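Hello,

Here is the structure I promised to pass on to you. Have a look at it first, and then read on for what turned up in it.

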Amino acid sequence: MKREPEGTGAEPSTLWGLIACWWAASFAGLHFYWAVGGDVGLSISAGPLATERPLWFVVAGLWGVGALCLLGALLAWLLARPGLRGVPFLLARWLGWGASALLLARGIGVEVLLLTDTTHLDTSVSAGQRAWTLALWNPWFIAGGLAFGLATLRAGRPRYRGVGASRRSSRKA
């Protein structure tokens, strides 16, 4: 009898990889939406750059970040695959830990800077930007960092075989 975790349809060793993949793909989609001219949420994220949209910002900040997020989604998908071994597995784990650390440092670091106001951003960051960054964007980065960290931690673990499966397989041997 094989049992899977209720309501997920995914095994524990792959679940966090799929969540990290969804996170990165969603973030990529949002950046591509902004890159083709969408503006919902961009002004509270990028401030004056959202209205000016200089070429460097559109190319590097929107298309470039979107492409990096797609690579992150691919990485998360690889971390969710149970058969990855050898050098590709080690590289994926190294990149997974790096992505997790980068996202957590960005989310927590900016959160701390804005909450403590150590950089005195009153003139360069509007009150709306500060509120949305604290309430939405930084928690989003922290969630992504946690998802990548847990996906990396769970990568390469044996697939879930249900309660008592290891006992049954050891009896057959």
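Please keep in mind that this is a predicted model.

The lining of the largest pocket draws at least two residues from each of H1, H2, H4, H5 and H6. Of the helices, H4 contributes the most, giving 11 residues. In total 33 residues line this pocket, and those nearest its centre are Phe-27, Val-65, Cys-69, Leu-103 and Phe-141. Its volume comes to about 840 Å³. What classes of residue make up the lining of the largest pocket? There are 26 nonpolar residues, together with 6 polar and 1 charged.

The chain has 173 residues, and 34% of them are buried. Among contacts with a separation of 6 or more, 72% join residues 24 or more positions apart.

In soluble globular proteins, nonpolar side chains tend to be buried together. Here the largest nonpolar core holds 30 residues, and the members that touch the most others are Ala-20, Trp-23, Phe-27, Leu-42, Leu-62, Leu-79 and Phe-148. Two or more residues of this core come from each of helix H1 (12–35), helix H2 (42–46), helix H4 (55–80), helix H5 (86–116) and helix H6 (127–154).

Which residues is it in contact with, leaving aside neighbours within four places in sequence? For Trp-23 they are Leu-103, Trp-140, Phe-141, Ala-143, Gly-144 and Phe-148.

Finally, take a look at Asn-138, which sits in helix H6. Is Asn-138 buried or exposed? Asn-138 counts as buried because its relative accessibility is 0%, and the cut-off for buried is under 20%. The side chains of Asn-138 and Arg-106 form a polar contact at 2.5 Å. Beyond its neighbours within four places in sequence, Asn-138 also has Gly-107, Val-110, Glu-111, Leu-114 and Thr-133 among its contacts.

Enjoy exploring the model!

Best wishes

Terms used: Residues are numbered from 1 along each chain as its sequence is written. This is a predicted model: local features need pLDDT of at least 70, side-chain atom pairs count only at pLDDT 80 or more; totals for chains, interfaces and linings use all residues. Side-chain values use heavy atoms; hydrogens and water are left out. A nonpolar core is a set of buried Ala, Val, Leu, Ile, Met, Phe, Trp, Tyr and Cys residues joined through side-chain atoms within 4.5 Å. Buried means under 20% relative accessible area, exposed over 50%, partly exposed in between (1.4 Å probe, protein chains only). Helices (H or I, at least four residues) and strands (E, at least two) are DSSP runs, numbered from the N terminus. Contact means heavy atoms within 4.5 Å. On a 1 Å grid over the protein atoms alone, a cavity is a set of points where a 1.4 Å probe fits but cannot get out, and a pocket is an open set with protein on both sides within 12 Å along at least five of seven lines; lining residues have an atom within 4 Å of a point. Grid points are joined across faces, edges and corners, and a volume is the space filled by probe spheres set on the points. Ala, Val, Leu, Ile, Met, Phe, Trp, Tyr, Cys and Pro count as nonpolar, Asp, Glu, Lys and Arg as charged, and the others, Gly among them, as polar. A polar contact is a pair of N or O atoms within 3.5 Å; within protein, one must be able to donate a hydrogen and the other to accept it, and residues adjacent in sequence count only if both atoms are side-chain atoms.
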